[in-house]
Amino acid sequence: MQQFFIVFLVSICSYTSALGSTKVFELGDSFLDVKNEGIWFVKCFAPWCAHCKKLEPVWKQVAQFLGPQGFRVGRIDCTRFPNVCSEINVTGYPQIMLFKGDEVVTYNGDRNRESIIDFGLRVAGPPVRILRDPADFKDVARTYDNFFTYLGDRQGDLWDKYEAAAKKYLAFNYFFAASPSCAEQESWEFSSQKIKLKKYPAVAVYKDGRFQLYDESNQIKAEALRSSEANSESGDEGTSLNHWVNKERFSRFVKVTAGNFSQVARSGKLLVLAVLEENKIGEMTASMKVFRRMMEEVSKMSSEKYSNKYQFGWVGNPDLINPIVMERIIPPSLIVIDPKNEVHYTSGDLPEKLTEEAVLLFLTNIEEGTIQAEGGSGLFTRIQRTYFQARISLEDMWRGNPILTAVLFGLPVGFFILICYSICCSDIMDADDDEDTHEKKD
């Protein structure tokens with residue numbers, strides 16, 4: 001009890017008296033002097049930004065949850081303190097950043113309470129969390145759907161590569177390591193699955209309720225095959241372990257959102273997506289649920305054959321995919337996207353005719369090259385995509401507020417017509433004046 005009181009007293013007397021607070025702190029120029037002290041979770045915003053206003057109640061909930069856990073949650077008005085935002089490299093609004101000592105990590109996920117809090121707790125901790133007992137794995141598996149673990153002495157080449165991968169992907173995944181004494185177990189029981197390791201050290205990933213080991217020899221072979229097509233933009237640069245972590249860090253059938261789409265696209269796989277439509281509270285019709293279950297079953301059936309080539313998932317908002325195919329998709333629908341080449345494949349079958357067998361045949365045809373890809377990264381395609389996005393934005397604005405849209409676009413057009421009319425009328429009047437002058441002279 002006495003120790004608890006001392007800890008409580010120290011927290012109250014901390015530098016800014018912010019530790020343990022549940023309010024959002026208004027930050028200014030002095031933030032640059034204290035940003036390396038403790039853990040700061042900061043939202044950079046502008047008062048005119050609609051997305052910033054929408055995030056405000058969520059950010060207050062984040063402060064209420066993380067404040068008592070030692071986070072200093074604050075916000076900076078970049079219109080009032082542009083020098084501060086420039087110094088910490090703010091590139092857009094809203095921008096969420098976590099400061100941990102000299103380390104700065106920017107959040108790029110979905111702007112909901114759960115995702116932001118999970119990011120904060122994950123990044124605030126060490127890149128690799130140590131598990132002291134085999135029973136800890138069960139607790140971890142009950143808490144996290146997807147994570148990586150290292151088994152063995154924390155030294156040597158494999159450990160160095162694992163630690164580097166953990167630092168790189170800490171913003172997106174959890175990484176654990178078993179203590180040396182814990183790693184001496186003859187077998188590991190993982191969610192009712194027993195795994196016997198042939199040698200230590202070893203690296204494994206837990207996802208979809210299964211424990212999968214990293215095979216360095218297979219990854220080196222795979223890396224040799226893709227070396228001629230290496231692309232740093234796809235996120236698969238670096239060591240074979242780094243490449244394996246990048247490909248295995250998503251579950252078999254993942255929900256793709258605006259917040260994680262870029263990361264899923266960097267997995268180096270083709271994306272097989274069920275395009276569905278959720279309402280504002282995350283619900284969908286019965287036909288959408290049936291289509292999603294069917295696609296999830298396909299992902300299970302093809303996991304052995306296509307796990308290294310395809311990443312299965314589903315989208316709850318067609319607007320995320322419409323700019324890629326340059327048309328409004330009617331859900332439920334199926335689309336396969338190749339992020340590297342910016343092309344996509346669509347099935348001509350109606351949703352009710354898309355069975356598990358039909359989808360597997362569709363994927364086989366893509367692999368064999370018998371289906372024509374659409375889209376691409378050419379200049380003409382980029383112009384088409386830009387035009388489509390502009391047209392869709394204008395249509396959405398008209399549906400949301402036709403009066404405001406008419407004013408925004410009608411006034412410039414009206415002024416342009418008025419100017420043109422004035423110029424033409426001026427020429428006509430000048431011509432009439434000239435005729436009158438000639439008549440008087442005559």
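**Buried and exposed positions in a predicted model**

Leucine 418 is partly exposed, with a relative accessible area of 49%; buried means under 20% relative accessible area, exposed over 50%, and partly exposed in between (1.4 Å probe, protein chains only). The model is predicted: local features need pLDDT of at least 70, side-chain atom pairs count only at pLDDT 80 or more, and totals for chains, interfaces and linings use all residues. Residues are numbered from 1 along each chain as its sequence is written, and side-chain values use heavy atoms, with hydrogens and water left out.

- Leucine 418 belongs to helix H16 (residues 402-441); helices (H or I, at least four residues) and strands (E, at least two) are DSSP runs, numbered from the N terminus.
- A nonpolar surface patch is formed by Leu411, Phe415, Leu418 and Tyr421, which together have about 460 Å² of accessible area.
- Accessible areas come from the Shrake-Rupley method with a 1.4 Å probe, and for residues only the protein chains shown count as cover.

- Phe137, Val140 and Ala141 are buried in helix H6 (residues 135-143).
- These residues lie on the same side of H6 because they cover an arc of only 100° around the axis, the arc being that of the directions from the helix axis to the C-beta atoms.
- An α-helix has 3.6 residues a turn, so residues three or four places apart point the same way.
- Arg142 and Thr143 are exposed on the other side of H6.

**Buried strand residues**

- Isoleucine 76 sits in strand E3 (residues 71-77) and is buried, at 0% relative accessible area.
- Beyond four places in sequence, the contacts (heavy atoms within 4.5 Å) of isoleucine 76 include Leu27, Phe31, Val42, Phe45, Phe81 and Ile88.
- Valine 42 is 34 residues from isoleucine 76 along the chain, and their C-alpha atoms are separated by 7.3 Å.
- Histidine 344, in strand E17 (residues 343-346), is buried at 3% relative accessibility.
- Among the contacts of histidine 344, leaving aside neighbours within four places in sequence, are Ile324, Val325, Ile337, Ala373 and Glu374.

**A buried loop residue**

- Serine 302 lies in the loop between helix H11 (286-301) and helix H12 (303-306).
- The relative accessible area of serine 302 is 3%, so this residue counts as buried.
- Serine 302 is in contact with Ser307, Phe312 and Leu360, leaving aside its neighbours within four places in sequence.

How values were computed. Patches are made of residues with over 30% relative accessible area and no salt bridge: like charges are joined within 9 Å, nonpolar side chains (Val, Leu, Ile, Met, Phe, Trp, Tyr) within 5 Å. A salt bridge is a side-chain nitrogen of Lys or Arg within 4 Å of a carboxyl oxygen of Asp or Glu.
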